[in-house]
Amino acid sequence: MRFTELSDYPLPAGRLTAWVPSTRCDGATWSADARPLAYTHEDHCARGSSDRAASASWLGGVFEIHHRYDADKVASALRAWMLRHETFRTTVVENLDGQGTERFSRRTTSGELLGVDAVAHQTSTSEHMHAKVIDFFDNHISPFAWPHCVAATIETPESFLLIFGADHSVMDAYSMLLAISEIHRLYEYELFGTDPGLPDVGSHLDFSVHDRELGNSVVAEHHAVKTWSRFLRQSGGKFPAFPLPVDTSVGSEDAAAQQGSSSSWLLNAEQAEAVNVYSRRAGHGMQSAILASVALANRELTGDPTLRFTMPMHTRHELAYRFSVGWYVGIVPVEVNLRGATTFEDCLAAATTAVASAKELARFPYPRIAELLDNSAIPRFALSYLDVRYVPDAEQWPQWRARTLRGRSESNDEVYFWISRAPAGLTISTRFPGNTTATGNVERLISTFGSMLTSVADGGIFSHAADETQRAS
């Protein structure tokens, strides 16, 4: 599964319809909700409040439905999906307390009067379709104004395309993947009456209560705070940067650089399984093979045996949240130290140790830790890995031309890698500062560690690794 901007997905010419949820009545359907915002949700709103332009970024997905188009059935399927997940039926209200500090409270609707309305119909050529859809999402999705999720359809003679977008406060990467299957199954239910086979799910609003309680229990002497403090201190109070130059001089605080992006395949299914088998035989896993290869590539290109980055990790530890849509992600500090490693097995062990020592920190909300550290820094180099082979209907993604999406972003120094193992193989999607230096260096690192993974898959284990790693030590 590739994670790209909508502008990189080929949209057909056709009849475009925008779909927007509505309560179809006045504000009486909304009521105050005592359940607090999760720490990440509150932090997202606080950052967005200070920069409304930046808050317009969104996540989503696009896929084909190879059945006849029925507008009433589309509306019913989208309504059923949004009734299924309470996160779509809640919003925030901004308030000022007695000291003039901005606070956020929650309001929720039961959904009894929820509808999903077609608000626009227009036929467009393929060359103009991107601008129309992106403009619709950019102007309708915000952390402050409900609805926080909208959709669009493009009708073609044989099928139709469905695109959805949501604010990050109500959706994470795994939620995007779940949504593709759920919406498709719910549409088939509306069209044919077939059982969608969807499990019961918990509410992210209830998860937020637990998140808040856990975060409030973290104090300055907590081991998570101390670990993060040490990690950030090594980078001068900031998050670690991408190990190669990205030319942060481009742009300014008032005019940040538009980020570039890329998406490509690293390994096919057979190669990915070969790497996994090799790693398992050595007592490790696919994630360790990827991180070990990135760390080795960093060593080869920079001479530094240590790779430091931020890693997102899921917080869906309870069964009720396994298939729940929401923002279930924490971050952890990772440092892969290859000093003294003389074989690829040593590198695998170093990667496994690095993640194992940090993994449990994901459940402690980082915004709470940042509050205790009085540190407003944000991640600059993040690396995410997801094994998505067992997401419902994953085997159908190529046929459905499914793709997860992200909105446009601006930053002079942020580099993100999203690596996923899908049924068809291993993919990498990236975003980075949109300048020549960053583009070239990101490509260099990806090409180098991609070649290393291919070598592992082919049985070569790049024999030079031991010599290079030993030299680094």
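Start at V93, which stands opposite S105 in β6. The model is a predicted one. Strand β6 covers residues 102-109 and runs antiparallel to β5, joined to it by seven bridges.

Now widen the view to the sheet. It is open, has three strands in the order β3-β6-β5, and pairs them antiparallel. Strands β3 (30-33) and β5 (90-96) stand at the edges with a single partner strand each, so one side of each has no neighbour in the sheet. From one strand to the next, the twist averages 40°.

Turn next to a pair of helices. Helix α8 spans residues 286-302 and helix α9 residues 344-358. Their axes come within 8 Å and cross at roughly 110°. Angles of 65 to 115 degrees count as roughly perpendicular, and α8 and α9 are therefore roughly perpendicular to each other. On the α8 side, the contact is made by Q287, S288, A289, L291, A292, S293 and L296. On the α9 side, F344, C347, L348, A351, T352 and V355 take part. By class, this contact has nine nonpolar, four polar and no charged residues.

Finally, look at the cores. In soluble globular proteins, nonpolar side chains tend to be buried together. The largest nonpolar core here has 68 residues, and F417 and F449 touch the most other members. Leaving out residues up to four places away in sequence, F417 touches F242, F381, A382, L383, S384, I428, S429, T430, V442, L445, I446 and F449. A second core is separate and has 46 residues, among them F3, W30, M176 and Y416.

Terms used: Residues are numbered from 1 along each chain as its sequence is written. This is a predicted model: local features need pLDDT of at least 70, side-chain atom pairs count only at pLDDT 80 or more; totals for chains, interfaces and linings use all residues. Side-chain values use heavy atoms; hydrogens and water are left out. Two strands pair if DSSP finds at least two bridges between them. Helices (H or I, at least four residues) and strands (E, at least two) are DSSP runs, numbered from the N terminus. Axes are lines fitted to C-alpha atoms, for helices over the stretch in contact, and angles run from 0 to 180 degrees between N-to-C directions. Angles under 35 degrees count as roughly parallel, over 145 as roughly antiparallel, 65 to 115 as roughly perpendicular and the rest as oblique. Contact means heavy atoms within 4.5 Å. Ala, Val, Leu, Ile, Met, Phe, Trp, Tyr, Cys and Pro count as nonpolar, Asp, Glu, Lys and Arg as charged, and the others, Gly among them, as polar. A nonpolar core is a set of buried Ala, Val, Leu, Ile, Met, Phe, Trp, Tyr and Cys residues joined through side-chain atoms within 4.5 Å. Buried means under 20% relative accessible area, exposed over 50%, partly exposed in between (1.4 Å probe, protein chains only).
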